[in-house]
Amino acid sequence: MARARWAYLDRVLNRTGPFTDPDWVPGEAPLESLLRAKILVIGAGGLGCEILKNLALSGFTDIHVIDMDTIDVSNLNRQFLFRQADVGKPKAEVAARFVEKRVRGVRITPHCCKIQDMDEDYYMKFSMVICGLDSIEARRWINATLVGMVDADDPDSLKPLVDGGTEGFKGQARVVLPTMTSCIECQLDMHAPRAAVPLCTLATIPRQPQHCIEWAQIIAWEEERKDDVLDTDDPEHVSWLYSKALERANEFNIPGVTYSMTQGVVKNIIPAIASTNAIIAASCCNEAFKICTSSNPFLGTPESTNYMMFSGDDSIYTYTFEHLKKDDCPVCGNLARPLEVNPEITLREFIESLAERPEAQLKKPTLRSEAKSLYYQSPPQLEEQTRPNLDKKLSELVSNGEEVAVSDPAFQIDFKFKLVFKS
Ligand SMILES: [Zn+2]
């Protein structure tokens, strides 16, 4: 490889800086580890395109990428490795070929599949994993897999996980050293489902333009057009909601209702923003580079900061802190997590609440107490056998303080909860 192109890298690799460890030796060794590293990138979308480009330009040469999606025309404004002619083709494949063509010497192996299709032997081949995903489920799955792979006697089994995520103008970059530092599951409450606005606010005192739009969608539609099924793809329906929302906003002197905001609220769209993706992907690749070359301290060293959050909502703000490992984390901890419950609710209501609780977010859980099967989603015979329990009160099924194991087919985790009755 002609080194001229990498002059900017050599400045970091060939000399020490104010933060380098006194034992670190610049020169050949860090360059060697960079060339030898095998990196897995999960996701080839908004973040993934940026990550692949950054890794290739940071001197990594052996990269795999997994993405199950194909290219949609709406991706083209920010997923800059794709062109009009690529619409319909697999993202991983097109992204890999584009970067290989532009950066001589890099090899990118694409996989158009789900991460769940690969086994531990596959994940074991990599030096580290970088996630640029928009799905919390997929992150929880890879996190649980990497934590489960750690063998205390084999240091190579510990694969650092660098995770980036964005939502509109907000984003975060974090590093997990599986079993050593706080994992994605420990941090699950950082991704609490968005709080719904109480109906009374919508009905009585709207404060934000969004409240007026939700009022039009939930209340005005129901009162005036309840025989029509609302279709958020129908422009006539959206226009109607927009004009209703605007009327209401004028009544309460709330500025800011627009047609495109109406569309966003009713379809529940959070815009993907190219600049946020670029900032978060840069931070992830910076961490990957530092982990690989030891040239500078990285996020996630035990007992240091491991979580960087970014907000570009108004001005630019970043904050880096240490998210602590939780002893009752269902993935990396060993204690059952206490969960306060009302003993008078039914098992069905309890199961529904598990989907919304920020620390659980389980949609199809199977539950067992120490003594018996409470509810099984499958197989059908067990489901039928345990179904009558759904209408029983929790107090009839478990005792106060009893441990309940909850599993969900979406994850390879058994969550242990200790049900504490609210008095
Ligand atoms: Zn954990």
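The model is predicted. The chain has 423 residues, and 37% of them count as buried. Its C-alpha atoms fill a box of roughly 70 × 55 × 40 Å along the principal axes. In secondary structure, the chain comes to 14 helices and 13 strands. Among contacts with a separation of 6 or more, 66% are between residues 24 or more positions apart.

Next, the domains. The assignment gives three entries: domain 1 is 3-192 + 272-321, domain 2 is 199-267, and domain 3 is 337-421. Taken over C-alpha atoms, the centres of domain 1 and domain 2 are separated by 40 Å.

For the end of the chain there is also a record. UniProt, in an unreviewed entry, places "domain: E2 binding" at residues 339-422. In the model that span is 25% helix and 27% strand, and its end C-alpha atoms lie 10 Å apart.

Now the packing. In general, nonpolar side chains in soluble globular proteins tend to be buried together. Here the largest nonpolar core has 85 residues. Ile39, Leu52, Val65, Ala95, Ile130 and Ala288 have the most contacts inside it. Which helix gives the largest share of this core? That is H11, residues 274-293, with 10 residues. Both domain 1 and domain 3 give residues to this core, so the core lies between them.

Leaving out residues up to four places away in sequence, Ile130 touches Ile39, Val41, Ile51, Val162, Cys284 and Ala288.

There is a second, separate core of 13 residues, and Leu202, Cys212, Ala245 and Val266 are among them.

Cys212 brings me to helix H8, where Cys212 is one of the buried residues. H8 covers residues 209-224, which is 16 residues. At 1.5 Å a residue the helix should span 22 Å, and the end C-alpha atoms are 21 Å apart, so the two agree. H8 does have a kink of about 35 degrees, centred on alanine 216.

Which residues of H8 are buried? They are Pro209, His211, Cys212, Ile213, Glu214, Trp215, Ala216 and Gln217.

Conventions. Residues numbered from 1 in each chain as written. Predicted model: local features only at pLDDT ≥ 70, side-chain atom pairs only at ≥ 80, totals over all residues. UniProt positions renumbered as here; feature names shortened; annotations may be inferred. Helix = DSSP H or I, 4+ residues; strand = E, 2+ residues; numbered from the N terminus. Domains from an automatic or database assignment. Buried ≥ 20, exposed ≤ 12 C-beta atoms within 10 Å, placed from the backbone. Contact = placed C-beta atoms within 7 Å. Core = buried A, V, L, I, M, F, W, Y, C linked by C-beta atoms within 7 Å. Expected span 1.5 Å × (residues − 1). Bend = angle between axes of the 7 residues up to and from the residue.
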